[in-house]
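Good morning, and thank you for coming.

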Amino acid sequence: MPKVSVVVPVYNTEKYLPQCLDSIINQTFKDFECICINDDSTDNSLKVLEEYAKKDNRIKIISQKNAGLSNVKNVGIKNATGTYITFIDSDDFVSLDYLEKLYKRIDENNYDVVYCKHKLYYDLENTYHRPKSEKKLPELAKKINLSSDKNFILKNLLYLVENARSSCMKMYRLDAIRNNNVLFFENIFAQCDYVHNILFAMYSKNNISFIDEELYFYRKQVKSISIDRDRMVINGLRSFIVLTKSLKERNLLKNNIMCNFVFKDFIKRIGKKMSHESEKIILPEITEHIKYLKKDILEKDFMKKCKLNFYLFVINLLGVKSFYFFRILKNF
């Protein structure tokens, strides 16, 4: 059995796939399997995979009908045989000591997950940049590991997840995912990695570590197609509806820190700008969902006490739409 399973979701990335696979098969750490899942690519991605599999028997190919990224990652989790698992996107690449450094940290200290830093690689310019979101990560990880206060730990762990949302750039203990059934949600179309890591945070607690080195390289490309921002906002809200339903079913919303975090994030998403037509689509769904959650959220301090600062928080985020939100709460 290999010590590490590397899962590479593949969909129409023949141009970048060789660089990704080269960075994996040439790792200084050798005891791994590389599970490449071809999600019904229409280009020559499968051919590239087959050529590499002939050269390196650690590469395993799974081909399937197109089912989306979350499904692909779950297929990787199901087929992985390593003690640990890491996800690498097929248009990205990693440093040659990526596996060695993450494996050494997670295995020696019995962590559930280890994070590392990444750099943004701008393909057209052939330049590297440091993401601003990672500036807080070392400090947050230090706070988590030095504290014994469970609420303080979870609060900072959720902030850590908020600033490192991707499932890439991490190595997870595989049984921590399987034993707690923390799979990727397949019925959502946005924030898939983020909501998965929020859920995983409830089970990993303070059993995490952070490597203050840039070991992963995330490829940024300029897309010519316009982004449908309304669709992104709606899909993001629906993702959090699915997440909070799962948290409620698992009795995890009883945790005050978790409830406050996801509910405030939910409010921020409601406050994002979208067309009136999109509001008419999503606001009834939000109303029904808040009614579904009312027992959980009303028991929490910031809702139960209904203090002025909470109202100001909502008004500041939602503006005019806050009155619609307060009408929802009034109906409880």
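This is a predicted model: local features need pLDDT of at least 70, side-chain atom pairs count only at pLDDT 80 or more; totals for chains, interfaces and linings use all residues.

What volume does the second largest pocket have? The second largest pocket has a volume of about 260 Å³. Residues are numbered from 1 along each chain as its sequence is written, and side-chain values use heavy atoms, with hydrogens and water left out.

A pocket here is an open set of points on a 1 Å grid over the protein atoms alone, where a 1.4 Å probe fits and protein lies on both sides within 12 Å along at least five of seven lines, and lining residues have an atom within 4 Å of a point. The volume is the space filled by probe spheres set on the points, which are joined across faces, edges and corners.

Eleven residues line the second largest pocket, and K155, Y159, N260, F261 and K264 lie nearest its centre. Two helices, α6 (150-163) and α10 (256-270), each supply at least two residues of this lining, and α10 gives the most, with six residues. Helices are DSSP runs of H or I with at least four residues, numbered from the N terminus. By class, the lining has five nonpolar, one polar and five charged residues, where Ala, Val, Leu, Ile, Met, Phe, Trp, Tyr, Cys and Pro count as nonpolar, Asp, Glu, Lys and Arg as charged, and the others, Gly among them, as polar.

Let us stay with α6 and turn to its neighbours. Helix α5 (residues 137-146) packs with α6 at an angle of about 155°, their axes 9 Å apart, and that makes α5 roughly antiparallel to α6. Axes are lines fitted to C-alpha atoms, for helices over the stretch in contact, and angles run from 0 to 180 degrees between N-to-C directions; those over 145 count as roughly antiparallel, and those under 35 as roughly parallel. Contact, meaning heavy atoms within 4.5 Å, involves L137, L140, K143 and I144 of α5, and Y159 is among the residues that α6 brings.

On α6 and helix α8 (residues 192-204), the axes come within 10 Å and cross at roughly 155°, so α6 and α8 are also roughly antiparallel to each other. Here L154, L157, L158, V161 and E162 in α6 meet residues of α8 including Y194 and M202, and the contact has eight nonpolar, two polar and one charged residues.

Finally, which way do α1 and α2 run relative to each other, roughly parallel or roughly antiparallel? Their axes cross at roughly 25°, and α1 and α2 are therefore roughly parallel.

Technical notes. Angles under 35 degrees count as roughly parallel, over 145 as roughly antiparallel, 65 to 115 as roughly perpendicular and the rest as oblique.
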